[in-house]
Amino acid sequence: MAERRSHRSERGSRTAPEDESGDNLGTVNEPTRSRAATEETSGARRDRERPPAPEPLPHPVVDNHCHLDIADGDPVATADAIAAAADVGVTRIVQIGCDLPGARWAVAAAAEHDALIAGVALHPNEAPRLAASGQLEDALAEIERLATSHHKVRAIGETGLDTYRHAQSNTGEEGRVAQEESFRRHIDLAKRLDKTLVIHDREAHDDVLRVLDEEGAPKRWVMHCFSGDAAFARQCLDRGAHLSFAGTVTFKNAAPQRNALVVTPLDRVLVETDAPFLTPTPWRGRPNASYLVPITVRAMAEVRGDDLEALCAAIDHNTEVAFGGSW
Ligand SMILES: [Zn+2]
Ligand SMILES: [Zn+2]
């Protein structure tokens, strides 16, 4: 769709997938239709107007997982997206690259903008495609080079396992093996380079923990867009994780995630958008962005029974701990 161009001009079109199931997304270049195409066939048009800015937070927080390079609707300049977030108290952002062009973009953006640090990796849905074309080794080598190319690359991620997309894309046993091998290699990279590991786990809780246990978890790791229940939260926390909650905790069907949020100690809680995906209630279906984080944080404070300012201060501090210091 012509109007859905990314501002990442060197790549041309880069758009958000159509899936709004409430589960974790966060990849591109998938063999799926665009959101717009779905709307046309169903006869309905999704409202892509940006939601209004919420009331500013009483203390700054960090959006620790965002895809500023993926457009949903009209592209927004990176500096404008950062400024809109800062206006409501979301003063820093972790920009996550999901493939080689995305990783290069993330490094350049972090180098240019004080508010940003970067994560670089091959998304679990990217690994099978690269393996099938014999490019996985070269791509991993390039991720390692990018990870050491700038001091503001603090994270290896997002990596992990995605059973949901894997099942849809029909890459079979070979694809599953490639996904797991890529995950193992990213864990090794995070440990060797002393970076934070950012894990994508979609319908793969047990396998993610199995692989982590076999490889040994890095010192710092984040379960991004936490999608498990309280018992799974405890298993991750026991292994040293910070748990990052997204707009999904505001969804009606997310009682298990809310229970997980309640059992997570205050010093292990993080917040993220995974923008442009996972827009919080009441704006589901509209484009997500870091300036909407206050909606999610307020919902989190209510669920946990925390004072809002105290929760914001904790999230701000926790994010620095999780990503190896301030920036
Ligand atoms: Zn993800
Ligand atoms: Zn993501």
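Where is the place of Asp274? Asp274 sits in the loop between strand 8 and helix 11, where helices (H or I, at least four residues) and strands (E, at least two) are DSSP runs numbered from the N terminus.

A word on ground rules. This is a predicted model, in which local features need pLDDT of at least 70 and side-chain atom pairs count only at pLDDT 80 or more, while totals for chains, interfaces and linings use all residues. Residues are numbered from 1 along each chain as its sequence is written, chains are lettered from A and ligands numbered from 1 in the order in which they are written, and side-chain values use heavy atoms, with hydrogens and water left out.

Most residues other than glycine have a negative phi, and most peptide bonds are trans.

| Residue | Phi | Relative accessible area |
|---|---|---|
| Asp274 | near 55° | 0% |
| Leu278 | near 60° | 4% |

Leu278 is placed in the loop between strand 8 and helix 11 too. Asp274 counts as buried, and so does Leu278; buried means under 20% relative accessible area, exposed over 50%, partly exposed in between (1.4 Å probe, protein chains only). A cis peptide bond joins Ala275 and Pro276, with omega about 15°, and Pro276 belongs to that loop as well.

Glu158 is buried at 0% relative accessible area, as is His200 at 0%. Glu158 is found in strand 4, and a cis peptide bond joins Gly157 to Glu158, with omega about 15°.

Finally, some packing. Helix 3 (residues 100–112) and helix 5 (residues 136–147) pack at an angle of about 5°, with their axes 11 Å apart. Axes are lines fitted to C-alpha atoms, for helices over the stretch in contact, and angles run from 0 to 180 degrees between N-to-C directions. Leu100, Ala103, Arg104 and Val107 in helix 3 meet Ala139, Glu142, Ile143 and Leu146 in helix 5, contact meaning heavy atoms within 4.5 Å.
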